[in-house]
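Open the model in your viewer and keep the selection tool ready.

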Amino acid sequence: MITLAALATLLPFLAAFAGMLLGPWTSRLLGAAPPAAQAFGTADGAGRSGAGGPEAGELSKTSAEDTETPGTAGTSPEPEKTSAEAPTMPLPVSGPEPAAPARYAAGDSALRGLPRNGPALIACLPMAVATVLALIVAVAVWRHPGVRTGTLTLIPTGTIDIALGLRVDGLAALVALMVCGVALAVQLYSVAYMAEDRRYSSYAAFISLFTAAMLLVVYSGDLLVLYVGWEVMGVCSYFLIGHHWQERANSRAAVKAFLITRLGDVGFLIGIFVLGVGAGTFSIGGVLERLPDLPQGTVTAATLLLLAGVAGKSAQFPLHTWLPDAMAGPTPVSALIHAATMVAAGIYVVARLYAAFAASAAALTVLGVLAVISMLGSALAALAQDDLKRVLAYSTISQLACMAAGLAVGAPVAAIFHLVAHGAFKALLFLAAGSVIFVTGSGLLRRHGGLRRAMPVTFWAMTIGYAALVGLPPVSGFFSKDAIVGAAWHAAAHGERPAHLPGGVAWLICLALLATVAVTAAYAMRAWLMTFFGEPRAAFPAREAPPLMTWPVAALAVPAALLGFFGLGAPELRPHPLSALLSLLAAAAGAVAVYLVWNRDPAADPAGGLGPLRRVLERAFYVDEVYAVLVVRPVRAAARAVLAVDRRGIDAAVVGVAGRSRRAGGLLRRTQTGDVQTYLTGLLAGVVVIAVGVVVLL
């Protein structure tokens, strides 16, 4: 089993390097036409100036200003129709044009051209095999529960050896299967979505490396090996978020994500050292076994430091601001980050080391308080966003906080169950959102409308996804979210919580969860109504996205709808009548309120009913602006001061010494003219001076 887990991790890793080195060459070997000769392979992709995606340069913007839709730059307002272009919906108001017809031709041809698409085959086939291997491992662990470990080698360090090995148990097997399934859907979806991108080969390779890094985190048996995968994910996120680097906003979003997550990772690495040195081993099993013997101060310090990295990776307050800006990356990247990798890693690590966190009152309290702030604050921010992807981004922060809340109240099984269910329905929502953006040419909600008739498959898939997000029966989110709400209710009302968690924090978590359910229903209803109902607000083709995009979306709708029933075998995952009723009442209140506001004027945005509060929520409570004042500006001022000292002090001293040396050299150079007569004259003059001196002095 360890061998199968190792192969599942190794295959996408090898696919990443093969894609980087051999992707285009493989296409030529398979007989694919050069990009310039393909019907859909222009130099930069249908007038997008190399942007590579329909949302490039638009969705990274945080303001709601109208922008020219990438994919139509340089084209006429009414491009000539081709056979690949479907009839367009009526245009009641002015808006951006949909993507160019060549882009549809590219997406539709992606499936037919897949057998000769070298980078796609290198990315998809190993990922499919890895998914099968992860499934075999999961079934084997389910049939024969237990922990399996294997060590390839020990790396001596002079003190504590590092075990290069894997650890497979029920938690690792379940999460790894979720990672592989979502990654495979993303890779298949990307073949059509990124069909015109000239750098698709590197894109697909980074997706594979991203997946391999997450699998290393999941299967790792050593904390330092886990940290390697943890950091590789950070590098991959930087390259993938900034894939459309031509747009400055995209590159800045990538840098922001990299810096903020690295800030948390400093504490995470120190926490690993504290825990490993205290336990005398970095092995996860060894740390958990020796945990009772560790001093309480060591456990508290280590877990609080680990929480810094968890807050950064899982985008929890106060290190959450990078995730909404990360929407600058291609939509499939957003689906992978939000559903299966990166943000899921933080919750997974807390669950993996849960015994250490449960032993520290400070860690549980901090985890619970951060979860309350993150879940409710992000849900409120999602309520006012105009960009569909940013709505889903803030939703991810909120849902991850719900999982953190479950961990804080002593329900790790429920938290992981919600992590897996969230992976299914959030990947579904993001990929379906990508289909909407592909067809309409815009990610702005005010540019959508009436899509339920134009995109029936996407409509029903997103309906299932939103129902799971809200927690409506009988879809997966109802069971997984109710398990967390029920655990929080029992922790607060009946004292069934970790011994170290204060009762006040338990009540705070319980009430915040119910409030978050109501707000989640509100923003989900708003996005659903504005996207699929009412009249179309822009011109777009009345058609579905290409098959390679529609099929993964339809496939993800199945686990998003049915996954909850697989948890009924565990008592802690069965619905609790009281908490389920409270959750449904809260969800109904939020959804009905938004529907009533929308029904008065379907052409208007229901968020307009927020009044002056909308601007505050749209700017996410101005946290970025506060950071700009408290952190960015002081750091820039300090950098300017250092630069001034460097220029006027250190550089000035170096330049001054160089100038004086140059002037001294100039004086000496005058004596070295290369003129023999001058040398002889100087020689004779010197002899005369010496002779006169001898006569006078002696």
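Start at Ala-620, found in the loop between α23 (613-618) and α24. Helices here are DSSP runs of H or I with at least four residues, numbered from the N terminus. Ala-620 has a positive phi of about 55°, although it is not a glycine. Most residues other than glycine have a negative phi, and most peptide bonds are trans. Ala-620 counts as buried because its relative accessible area is 10%; buried means under 20%, exposed over 50%, and partly exposed in between, with a 1.4 Å probe and protein chains only.

This is a predicted model: local features need pLDDT of at least 70, side-chain atom pairs count only at pLDDT 80 or more, and totals for chains, interfaces and linings use all residues. Residues are numbered from 1 along each chain as its sequence is written, and side-chain values use heavy atoms, without hydrogens and water.

Next, select Met-342, in the loop between α11 (331-339) and α12 (343-352). Met-342 is not a glycine, yet has a positive phi of about 60°. Is Met-342 buried or exposed? At 0% relative accessibility, Met-342 is buried.

Now the cis bonds. Select Phe-317 and Pro-318: the peptide bond between them is cis, with omega near 5°. Pro-318 sits in the loop between α9 (296-313) and α10 (322-325). Then jump to Pro-473 and Pro-474, joined by a cis peptide bond with omega near 5°. The loop between α18 (456-470) and α19 (476-493) holds Pro-474.

Finish on helix α24 (residues 623-669), where Val-632 is found. Val-632 is partly exposed, at 35% relative accessibility.

Note on methods
Helix = DSSP H or I, 4+ residues; strand = E, 2+ residues; numbered from the N terminus.
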